[in-house]
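Good morning, and thank you for joining this presentation.

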Amino acid sequence: MKNQKTSKSVATSSGHSLNLSIKLKRRSIVSTPDAVLILADGTVMEGFGFGASGTSIGEVVFNTGMTGYQEVMTDPSYAGQLVTFTYPEFGNTGVNFQDDENPIPHARGIIVRELSDYASNWRTEEELESWLKRHQIIGIRGVDTRALVRHIREVGTMNGAISNEERSYSDVLEEIKAAPSMNGLNLAEVVSTKTKYPWRQLTNISFDQRLQNLPQRPYRVVAIDFGIKRAILERLTAHGCDVTVLPVDSTLEDVITEHPEGVFLSNGPGDPAAVQSGIRLAKELIDQSNIPIFGICMGHQILGLALGGQTFKLDYGHRGLNHPCGRPGQVEITSQNHGFALKPDSLPTDTVHITHFNLNDRTVAALAHRYLPVFGVQYHPEASPGPHDADHHFGRFVALMAERRR
């Protein structure tokens, strides 16, 4: 990467870039920066490349979790994004073949402060560096992630690039500005399955001691895949569901053909308002059937849109493992990953009840239909690692199906 000092400072973050530059010069005795992070507003932060080689462009976001980086990188909800990890040590637990949320990683790149030279966890099956190279994921280390997160919080998420190629900053910046915004972007159709498939598998992690309820007659559930996580499918199975996963563009006829006792709307990446097929299906299910419906994350937002609500893009999103959500007298510590939210005032109060709020910023964290067996949660009750406070929502879904069966 060619060093062009004239483009390294902008507006509110020039001090941050300068401080980082000083720190990197102190390390130049050992090595010279060979990678760069560039934001759409012109902010430049130098660092050291790891993983694959090349240039990767996406929306720069941050995750405040202190563990679970493998789950984050393989979660389809991170499609199209460069993820900043605020926990300073990265890679010290390596990777294993049990914690993937999807067979392939979906994050386009990763930004970290420190990269561990080796993994020391007892579950490690592969070093992070070789795993990233195998999956062609670009990383940058040595970045002042505190300064970066503060900048994003002040000015909002934006597109950016990680590059370790010999390219000028201005060329990369032009490519960033030409990249599409997350607003209006339907990424669910990119990550969704193309064909239906069954899921009846429990988690194979031996130390997971959470509830497993395996009834003699499992509940038939259709899951609409907007970017579904494996952990969600495992928790549905653990709560007694026999799941059939259908693509994002499935119709009402496709769903009814499976004779479901419940319909699940999954998490996923991008702008929920752009997933018109999912919104249309949710409306038809609500209007034409009495089947219990449960949505998580994007599925929750699509339910809200189908019920007459509107969504908006959050300034910097909610991504982490410790977000408090609830209502008076009941608080759940939740795992979250979303950049959009429902507008509370847009939901029709005669049919929709907001059951939970995010207690940090009062955004909608959960809703329920006042008269129909329909509800959704913005957060991830299946999350592992992370708190298990919200796992009961799966039990609530099963209870609605049991009531309908009776």
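This is a predicted model: local features need pLDDT of at least 70, side-chain atom pairs count only at pLDDT 80 or more; totals for chains, interfaces and linings use all residues.

Which residue in β8 is the bridge partner of Phe50? The partner of Phe50 in β8 is Gly139.

Residues are numbered from 1 along each chain as its sequence is written, and side-chain values use heavy atoms, with hydrogens and water left out.

Let us stay with β8. Helices (H or I, at least four residues) and strands (E, at least two) are DSSP runs, numbered from the N terminus, and two strands pair if DSSP finds at least two bridges between them. Strand β2, residues 44-51, runs antiparallel to β8, residues 138-141, and four bridges join them. Strand β6 runs parallel to β8, with three bridges. Here Gly139 is the bridge partner of Ile110.

Asn96 is buried, at a relative accessible area of 5%; buried means under 20% relative accessible area (1.4 Å probe, protein chains only). A polar atom of the Asn96 side chain lies 3.0 Å from the backbone nitrogen of Asp99. Setting aside neighbours within four places in sequence, Asn96 is in contact (heavy atoms within 4.5 Å) with Gln70, Arg123 and Glu125.

Now to helix α7. Because nine of the nine residues of α7 (residues 230-238) are buried, the helix is largely enclosed by the rest of the structure. Among these buried residues are Arg230, Glu234 and Arg235. They pack against β10 (197-199), β12 (241-246), β13 (262-265), β14 (293-296) and α11 (392-405). Just after α7, Gly240 takes a positive phi of about 95 degrees.

Finally, the nonpolar cores. A nonpolar core is a set of buried Ala, Val, Leu, Ile, Met, Phe, Trp, Tyr and Cys residues joined through side-chain atoms within 4.5 Å. The largest has 32 residues, and those with the most contacts inside it are Ile224, Phe226, Val255, Leu265 and Ile302. Elements giving two or more residues to this core include β11 (219-224), α8 (252-257) and β13. Apart from it lies another core, of 28 residues, among them Trp199, Ala223, Val245 and Val398.

Terms used
Buried means under 20% relative accessible area, exposed over 50%, partly exposed in between (1.4 Å probe, protein chains only). A polar contact is a pair of N or O atoms within 3.5 Å; within protein, one must be able to donate a hydrogen and the other to accept it, and residues adjacent in sequence count only if both atoms are side-chain atoms.
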